[in-house]
Amino acid sequence: MTILDQIIENKQIEVARAKEKVSVEELQSSVYFKKETISLKSALLAQNSTGIISEYKRKSPSKGDINVGAGIAETTTGYAKAGAAGISVLTDTVFFGGFKEDLLIAREHNPSTPLLRKDFMIDEYQIYEAKAWGADVILLIAANLETEEIESLSKKAHELGLEVLLEVHNKEEIDKSPMQNVDIVGVNNRNLKNFAENNVNASIELFDFIPNDKVKISESCISHPDTVKQLRAIGYQGFLMGENFMKTSNPAKALEEFVELIK
Ligand SMILES: O=P(O)(O)OC[C@@H](O)[C@@H](O)c1c[nH]c2ccccc12
């Protein structure tokens, strides 16, 4: 069983429990449900955008503890101030140490920065949650979804006014994915099935296979300013980075310094 299989198995149990506790109607009564979302796509396309989507991640199955001390409010407001085009907040608890409260706190403190709910989406119920918790964008991971699921989940996200980031790791995943309701396509340089990582080759190889009407971003394993410059030269307009900032004692400051180096 791959790590991704274990995560999904656990997620199915979590979602079933969550549905018993909180109804969709209750989620729909959240204040955020009526609010307009903020476009990550526009933020990435804006002139002078850093393109960086910085992530708040306490731990991961591949790296163990990364940072259990950094505060969510302080880190995310610092990220926004340092020039993040968007902020990614993990809400998976068991494997990544995140909580729904992290997203709620990030939203409360960052009213004008696009927020991505980073989780393993398998059910439209989670899209209602994302909206109710203040997210602007959801992640769909092609590696763990069937074609029909990508189609229905992305459609539901758009219905609720959320943008969709579709994550792919190989050409087959691009080919099987209905792109109609996808706004951003991210190539994950890390293979979620075995956590193998080998620099950013996946991003380099897959760029041309992603439809050109999508905003293209590169995800994971980026730590050097030259890598961002190299990926920008290919045409990538976004860079999802977590560990490189979170592993430091002051992630926002680390982003601020990094931004200077990619100007
Ligand atoms: O910490 P990194 O290597 O910079 O990676 C960030 C982000 O891309 C990574 O956390 C990620 C990419 N896709 C995911 C899916 C689920 C959980 C996490 C992820």
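Predicted model: local features only at pLDDT ≥ 70, side-chain atom pairs only at ≥ 80, totals over all residues.
Local features here need pLDDT of at least 70 and side-chain atom pairs count only at pLDDT 80 or more, while totals for chains, interfaces and linings use all residues. Residues are numbered from 1 along each chain as its sequence is written.

Reader: How many helices and strands make up the secondary structure of the protein?

Author: Helices (H or I, at least four residues) and strands (E, at least two) are taken as DSSP runs and numbered from the N terminus. On that basis the protein comes to 12 helices and 10 strands.

Reader: What is the radius of gyration of the protein?

Author: The radius is taken over C-alpha atoms, and the globule rule is 2.2 Å times the number of residues to the power 0.38. For 263 residues the rule gives 18 Å, and the protein is close to this, so it is as compact as a globular protein of that length, with a radius of gyration of 17 Å.

Reader: Which residues of helix H12 are buried?

Author: A residue is buried if 20 or more other C-beta atoms, placed from the backbone, lie within 10 Å of its own, exposed if 12 or fewer, and partly exposed in between. In H12, which spans residues 251-261, the buried residues are Pro251, Ala252, Ala254, Leu255 and Phe258.

Reader: Is Ser220 buried or exposed?

Author: Ser220 is found in the loop between strand E9 (215-219) and helix H10, and its phi is near 75°, a positive value in a residue other than glycine. With 27 C-beta neighbours inside 10 Å, Ser220 counts as buried.

Reader: Is Asn48 buried or exposed?

Author: Asn48 is not a glycine, yet has a positive phi of about 70°, and is found in the loop between helix H3 (40-45) and strand E1. With 7 C-beta neighbours inside 10 Å, Asn48 counts as exposed.

Reader: Which elements give two or more residues to the shell around the ligand?

Author: A residue is near a molecule if its C-beta atom, placed from the backbone, lies within 6 Å of it. The ligand is surrounded by 15 residues, the closest being Glu219, Ser220, Leu240, Gly242 and Glu243. The elements that give two or more residues are strand E10 (238-241) and helix H11 (243-246).
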